[in-house]
There are 2 protein chains.
Amino acid sequence: MTATIIGSVSCPIPVTDHDRVVLGHGSGGKLSAALLKQHFLPHLQSDALRQLGDGAVVSAGNARVVLSTDTFVVNPLEFPGGDIGTLAVNGTVNDLAMMGATPCYLTVGFIIEEGLAFETLDRIVASMARAASVAGVQVVTGDTKVVEHGKGDGLFINTTGLGLADSDFSPSPDGVRPGDVVLVSGAIGIHGITILSAREGLEFEADLESDTACLHPLVQALRRATDNSVAALRDPTRGGVASALNEISAASRVGIVLEESALPIPAAVAGACEMLGLDPLYVANEGNFVAFVPPHLADVALDALRNHPLGRGAQRIGVAVSDHPGMVVMRTPLGGTRIVDMLPGDQLPRIC
Amino acid sequence: MTATIIGSVSCPIPVTDHDRVVLGHGSGGKLSAALLKQHFLPHLQSDALRQLGDGAVVSAGNARVVLSTDTFVVNPLEFPGGDIGTLAVNGTVNDLAMMGATPCYLTVGFIIEEGLAFETLDRIVASMARAASVAGVQVVTGDTKVVEHGKGDGLFINTTGLGLADSDFSPSPDGVRPGDVVLVSGAIGIHGITILSAREGLEFEADLESDTACLHPLVQALRRATDNSVAALRDPTRGGVASALNEISAASRVGIVLEESALPIPAAVAGACEMLGLDPLYVANEGNFVAFVPPHLADVALDALRNHPLGRGAQRIGVAVSDHPGMVVMRTPLGGTRIVDMLPGDQLPRIC
């Protein structure tokens with residue numbers, strides 16, 4: 001493929017044959033997958049890396065721990081509902097939680113662009129501290145680098161998390177079986193549209209705030225309700241719900257059928273997406289997850305989510321099928337079906 | 001203090017009263033310490049963070065593990081003897097080794113500036129793989145972000161390492177007692193001068209190559225020779241030997257007396273420093289460490305270092321004393337004494 005569709009605009013960006021990195025390689029879509037497959041995996045071979053989960057399960061002495069790392073480059077640094085510091089804590093804590101681990105410790109690495117106001121830095125570090133406290137994790141070590149003005153963009157933050165793995169509870173992208181029901185724990189697309197609005201100074205009819213949150217307690221509620229029977233969990237950040245489901249569909253070799261009418265898309269998100277030519281299924285989220293559960297547990301799982309403050313907007317949105325493995329399709333209210341593929345590149349760059 | 005000396009140039013940069021981050025805040029000197037103390041520690045309180053070691057010792061189940069994180073922003077990306085990938089692996093592995101831990105796993109986070117050539121990226125990732133293989137560590141998970149052209153500088157890499165702590169061997173910056181002997185495991189100043197030469201296109205009489213290396217085997221040799229009796233270890237990267245010794249001197253509340261004539265400074269480093277007005281004691285190293293050992297073990301320790309390929313240039317360079325705690329002084333060949341303070345800011349920015 002050498003010509004593709006990004007958002008609703010036809011765009012002649014080839015997925016392959018780049019000799020330089022383009023923005024789309026950071027999108028969480030097809031270009032990101034190609035970058036990983038062509039430029040990292042051939043060199044950095046390890047069993048853990050090949051799992052391609054949200055993190056890696058490794059042995060440390062007698063303990064099994066989960067490590068996850070994420071770098072945050074969101075622009076702007078501060079936005080309604082949070083800032084880069086909140087995201088940097090919640091994002092990595094959530095990656096651990098999606099693997100069934102109990103988040104314990106974070107390390108943090110800052111790259112500061114010369115000229116960043118200490119006022120801003122202080123607010124962001126205070127946000128990190130609050131988010132870490134809410135999540136029950138400790139920031140145990142860190143590093144700071146400063147680069148010249150024009151060689152960075154205010155502040156980039158890496159967080160790496162260590163969590164304790166639990167042998168009784170290890171949802172995995174390759175754990176889904178046909179028949180499993182797809183749940184989403186809350187409204188779709190809010191974080192991405194909030195960032196875009198803040199960045200571009202857009203005003204929509206309703207005020208949006210990022211949904212950034214620590215999802216570990218919600219995962220635990222789901223876990224208890226299903227007696228550990230959660231097949232797969234993923235927080236649909238970069239690349240949105242569509243990319244998360246495509247990855248799970250490929251890893252588990254199942255098809256996924258979504259019901260468009262069941263998707264919890266707030267009117268403000270739907271309106272903004274329509275105006276901007278975006279598809280909410282590809283817009284980043286920071287406070288919800290998709291979960292796959294066996295069909296007989298779908299109702300109790302949905303109840304458990306809805307009874308938790310972070311899961312009030314949970315919905316059953318689809319089902320895994322044995323047909324078309326590796327492919328996600330969506331049934332429209334009018335009875336049609338369309339393929340929900342991964343995008344090659346970005347709808348919205350630097351969203352987290 | 002509001003006016004200070006940087007390198008050999010009198011410079012009116014105040015250490016305090018900044019309202020914005022300046023390059024010196026990333027120097028590993030006084031400004032870095034002030035940044036940490038004033039802007040990070042007040043918010044991010046944890047016992048581990050307050051230790052201010054090269055990493056943090058934490059419990060994971062029944063295991064005691066060490067976590068260390070470091071972000072690499074070296075410019076240029078490639079230089080004689082290595083590249084940012086080699087540094088990113090060895091730097092974090094060495095931080096674990098300095099705490100007495102056995103390095104096991106690395107996570108890696110890339111921030112790529114749009115436009116980076118894949119040819120360059122591939123060479124750097126291959127370097128990381130080679131360095132990880134030599135160090136015996138596995139890269140287990142990673143993350144990639146891409147920022148727009150002009151919002152980064154080619155490539156920044158964060159690595160976070162997990163090592164197994166050893167209750168029999170835990171050298172620590174606060175473990176030094178008066179009388180302990182100061183050793184350095186090899187020549188001083190090579191990495192920093194190599195980077196500066198590559199960056200500025202300078203040519204010196206001798207070709208220099210970065211000394212970047214995994215120091216864990218050398219630490220183990222020292223450990224075996226001293227039956228675990230190493231009081232403190234530190235790799236003098238940013239800020240050089242002078243900053244590392246000042247930190248240990250402060251943490252252990254001892255004075256340190258260096259013998260200038262004993263410092264292993266290669267002629268090429270000395271010549272370049274003289275020409276450029278730099279002090280080699282503040283120039284970054286990536287392939288040596290300073291070690292404090294009890295006086296009765298100093299000779300066997302030095303022999304053990306010199307018998308290892310990475311420690312051939314080891315020297316006994318000084319001693320810890322009960323006088324002037326927190327202060328490092330140097331005896332010159334002519335019998336004089338001068339204070340070796342920490343610098344406020346940078347001699348050489350973006351050296352690692």
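## Two domains of chain A

In chain A, the C-alpha centres of domain 1 and domain 2 lie 23 Å apart, and the domain assignment places domain 1 at residues 55–170 and domain 2 at residues 181–339, the bounds coming from an automatic or database domain assignment. This is a predicted model, in which local features need pLDDT of at least 70 and side-chain atom pairs count only at pLDDT 80 or more, while totals for chains, interfaces and linings use all residues. Residues are numbered from 1 along each chain as its sequence is written, chains are lettered from A and ligands numbered from 1 in the order in which they are written, and side-chain values use heavy atoms, with hydrogens and water left out.

## The contact between the domains

Contact, meaning heavy atoms within 4.5 Å, links 22 residues of domain 1 of chain A with 22 residues of domain 2 of chain A. The area buried between these two domains of chain A is about 1,900 Å², with 62% of it given by carbon and sulfur atoms; buried area is the accessible area (1.4 Å probe) that two parts lose on being put together, summed over both. N94(A), M98(A) and F169(A) supply 33% of the area that domain 1 of chain A buries against domain 2 of chain A, more than any other three residues.

One salt bridge is counted between domain 1 and domain 2 of chain A, where a salt bridge is a side-chain nitrogen of Lys or Arg within 4 Å of a carboxyl oxygen of Asp or Glu. The side chains of R223(A) and D166(A) meet in a salt bridge, at 2.8 Å from N to O. Six residue pairs are in polar contact across the interface of domain 1 and domain 2 of chain A, both residues being at pLDDT 80 or more; a polar contact is a pair of N or O atoms within 3.5 Å, and within protein one must be able to donate a hydrogen and the other to accept it, while residues adjacent in sequence count only if both atoms are side-chain atoms. On the side of domain 1 of chain A that touches domain 2 of chain A, α3 (84–98) and β7 (102–113) of chain A each supply at least two residues, and the largest share, nine residues, comes from α3(A).

## The interface of chains A and B

Between the chains, 72 residues of chain A are in contact with 72 residues of chain B, and the buried area is about 6,600 Å², of which carbon and sulfur atoms give 67%. V21(A), F118(A) and K145(A) supply 11% of the area that chain A buries against chain B, more than any other three residues.

Eight salt bridges are found across the interface of chain A and chain B, and K151(B) forms a salt bridge with D153(A), the closest N and O atoms being 3.9 Å apart. The count of residue pairs in polar contact between chain A and chain B is 25, both residues at pLDDT 80 or more. The largest share of the side of chain A that touches chain B, ten residues, comes from β8(A).

## A sheet in chain B

Chain B has an open sheet of five strands in the order β3-β4-β9-β7-β8, with mixed pairing; two strands pair if DSSP finds at least two bridges between them, and helices (H or I, at least four residues) and strands (E, at least two) are DSSP runs, numbered from the N terminus. Because β3 (56–60) and β8 (138–147) of chain B stand at the edges, each with a single partner strand, one side of each is left without a neighbour in the sheet.

Five bridges join β3(B) to β4 (residues 63–72) of chain B, and these two strands run antiparallel; the bridge partner of V58(B) in β4(B) is V65(B).
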